[in-house]
Amino acid sequence: MTDPAAPPMFDSSDDSDKKPAAYPVLKDSLLDRNNSVWISPWDKPVLMRLPKDSLRDVRNNASTAISETYNINPFQMAGLVDREGNIWFGDTRGIHRFFYTPLIRQEFPKETSGSSKLALVADDNGAVWISFGSLGNRFNADLYHVLGGKAERRLPEVTSSFAYRAPDKTFWFSGEHCLWHLVGDDFVRVNLPPELVNQFEFLQTITGDQQGGIWVSFGRHGLYRLADGIWTPYGGRDDLPKKAILFEFTDSLGRVWFGYTNSQLAVVDSDRVRRFGPSDDLQVGNITAIYGRGSKIWVGGEFGLEQFDQGRFHKIAAVDDQWLRGISGIVETPGGDLWLNAISGIFHIRKAEISEALKESAYRVKGEHFGIREGLSGLATQLRPFPTAIEGADGRLWFALRNGVVWLDPAAHSEKRTVPAPITIQSVSADDKFYAPDPRLSFPAHTSSVQVNYTAVSLTDPEAIRFRYKLQETDKDWHEAAAATPVTYRNLPPGSYHFSVEASDTNGAWSGAPASMAFTIRPAFYQTTWFRSLYVAALLAFLWGLHQLRVQQLRREERNFREAFETIPALAWIGGPDDVIQFLNRRWVEYTGLSQVENPKEIRKAAIHPDDLDRIEQRLASSIASGEPVEEELRFRRTDGEYRWFLSRNVPLRDKRGKVVRWYGTATDIQDRKRAEQLQADLAHTNRVSMLGELAASISHELKQPIAAAMANAQASLRWLNRDQPDLDGARRAAEAIVKDEKRAADIIDHLRSLYKKTPPQRESVAVNEIIGEMVLLLRGEANEYAVSIHTDLAADLPKITADRVQLQQVLMNLMLNGIEAMKQTGGVLTVKTRRGECGQVLISVSDTGVGLPAVRADEIFNAFFTTKPQGSGMGLAISHSIVESHNGRLWATSHDGRGATFHFTLPTAVMEVSAAKRGSRNRR
């Protein structure tokens, strides 16, 4: 920038579209990028700009009619054009910068200083109507007709709330207490609705529909439609939101759009209303601009810009989010470009960028921005009037600002030709020690911090320059920065690094020519290759030694394990996850005589009793498939051919991922326990048979009743059938009674058979109340003989239990017969109750009013062979106690304060049994 002239940067033979314009300095004059000549006459202390091709007409004396004159007297050789096209002159007062802008300010005959309110509308002849109101004047505004750059004031006096061109090519302007309708050359006054005639200051926006109606928003005072001289609130529609409307627009398809606050939008399409909001991805805040040339509609507001297409909204993002904030004017040109008037300035987006942004949601448009530095004298309004951007019939674009109106011709405007700012890496520091950039820059070992300082200069708009940088060895992507702040990298390991930094132009486009530098951080001695190799070798030797120690330890542990496994007082084995036997202990081999090298299935076939083999094979296959432990009772063959009962358990060993890697199994001899259980079962059966013998008289009485009843019904049936006219109905009733009596007798016989029958225990889901009912039926005759009445108090909502039906009948029979026996001399009441017990168990109690429990030896009543009856065996309560405990229950007795005693016992429900089984399965794991 020290040279008075900028030399050509490219040869003239190069493509002119790929090079910036050259700006040569002529003798005593300067030629700018628009081929205008800047001269300072010798005889006048001024600076003059002569437009293109006018130099020869003013060779000797420049004409002020075709030139621009500035009150600057530049020094000789103190003028230049910089690489960005700025024009600089120096004089005694300092340095002056000139730059071009395509924006042309419209001048008005009467224009006040300060903020203004301006409403714009274009006609078909290239003219623009502008209502110009000052914020100092609350209501009135001047109406101007602008054509060819000349503004003429017209009557009547209007307000600046809005200006609108209707589909019938007439114009509407807001007025004081009325609207003004321009039809041809005549202004027609249109009165407001009577209830709103004094609320004209709230006039907000206006649009027309295809039926000739006019929709006018009075802000928070509502929406009205004018048709055939009649004002109708909300057009007579109940489906429109009853809230303040900020903007209205009618598209080419005849749809009427209403924009509200908080991203709320309504569309009147023929006879229906559609509403949109944030839930539809519309997130622009207060809607202050709507525009579209076809079915695709643009919606702008305080937070951004979105396009509505086929029922969906698509958001547009820019490289600078501020460029799309506060949009109050949108124009889409016939070529598909967008021009926006926003709170940060005017923003131009090319059609190609729009297409890319709609196709890729992450794309950010760069566009072309015009702000204060581009000659924009003010900002767009955010309240009213709207819209703040329109397109004239001649293609010019007009923008209303808070302090005036500017326009540009997009056909004559070429996008700003910006030159990326040259970027330079100024210095590098390592641990606060500065180094000059050098191709062989090297930092000492233990360097913990590297800082790079860079800069790029733009004389046009330095705040618009952005930066991005990357350290190739550590950064996957570029890091962007809004200013040239130093970049610091900490704790970089020794090695070679390559740093790049790049600057954008004032439009946000990256230069593609980053500045780069390389540097090296030297390693410490322990970071060198030879030291690392030595360290790795030492580490490998150490690990090999640890491995050998671990191998020896595992071998010792294996020997100890085998010794313990061999001394287990049970048959034991280890299997693989695929049912392969890996080890059998000595007791197994000695007991079965089968070696551990034989096939697993062949071993089981030879060792397990044939009656148990199929069951065991199925349980093992299921357990291996599910990975669940298995526990079964089975018979193993001894070397002498004898089979003995064993309890076998198989438990899996899992790895960290839960996969089964091994099975451990044991088999414990339970032959003595099985014999004891068989003896106990035989004793219980004998007890049942003896009790049934005692009940023979009452049972025969119970059987005699249904048999006698069946005989009587049979005789009656014969009499009805032997009549001259057989009574078939009576015979049928008698036959039905016979069937009923026969079923009752069969039930009694079935109950007796189940008690007489000697079968192994079979647990199933049973209903306690049902079994009690069977026992009451069976023992009622015995009770009646001794004047004992049986009462039941059974809970209705009892869950089922898992039990052996016959064993449960035996317990109830023992307790009920003991109660009857206790009341033989006096008679009394035997009561059987059921309730829900604690922890979800079922509680059963049998109470009598007899002699009660023995006072001295009450704690021995459940011992075997203890009895208080002369002919008693002393086994009934002992057997009952054993049966209840085998069902995981508890049996106990309590004495009454007066006469009698109560025997209680609890049994777990079926759900508890399943839960307990699962817990046991988990515990075995």
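This is a predicted model: local features need pLDDT of at least 70, side-chain atom pairs count only at pLDDT 80 or more; totals for chains, interfaces and linings use all residues.

User: Why is T592 called buried?

Analyst: Buried means under 20% relative accessible area. T592 has 5% relative accessibility, so T592 counts as buried. T592 lies in helix α3, residues 586-592.

User: Which residues is T592 in contact with, leaving aside its neighbours within four places in sequence?

Analyst: They are A607, R637 and T639. Contact here means heavy atoms within 4.5 Å.

User: Why is P74 called buried, and where is P74 found?

Analyst: P74 has 14% relative accessibility. The cut-off is under 20%, so P74 counts as buried. P74 is found in the loop between β4 (68-70) and β5 (79-81). With neighbours within four places in sequence left aside, P74 is in contact with S40, L47, F89, G90 and D91. The C-alpha atoms of P74 and H96 are separated by 9.2 Å, and the two residues are 22 apart along the chain.

User: Are C178 and C839 buried or exposed, and how do you know?

Analyst: C178 has a relative accessible area of 1%, under the 20% limit, so C178 is buried. C839 has 69%; exposed means over 50%, so C839 is exposed.

User: How many disulfides does a search of the whole structure find?

Analyst: The search finds 0 disulfides. To count, a pair of cysteine sulfur atoms must be within 2.5 Å.

User: How do helices α10 and α11 pack, and which residues make the contact?

Analyst: Helix α10 (residues 805-822) and helix α11 (residues 876-886) pack at about 140°, with axes 9 Å apart. Their crossing is left-handed. From α10, the contact uses Q807, Q810, V811, N814, L815 and N818. From α11, it uses G876, L877, I879, S880, I883, V884 and S886. By class, this contact has 6 nonpolar, 7 polar and no charged residues.

User: Which residues of α11 are buried?

Analyst: They are G876, L877, A878, I879, S880, I883 and V884. Just after α11, N888 takes a positive phi of about 65°.

Notes: Residues are numbered from 1 along each chain as its sequence is written. Side-chain values use heavy atoms; hydrogens and water are left out. Helices (H or I, at least four residues) and strands (E, at least two) are DSSP runs, numbered from the N terminus. Buried means under 20% relative accessible area, exposed over 50%, partly exposed in between (1.4 Å probe, protein chains only). Axes are lines fitted to C-alpha atoms, for helices over the stretch in contact, and angles run from 0 to 180 degrees between N-to-C directions. A crossing is left-handed if the near helix is turned anticlockwise from the far one by less than a right angle, and right-handed if clockwise. Ala, Val, Leu, Ile, Met, Phe, Trp, Tyr, Cys and Pro count as nonpolar, Asp, Glu, Lys and Arg as charged, and the others, Gly among them, as polar.
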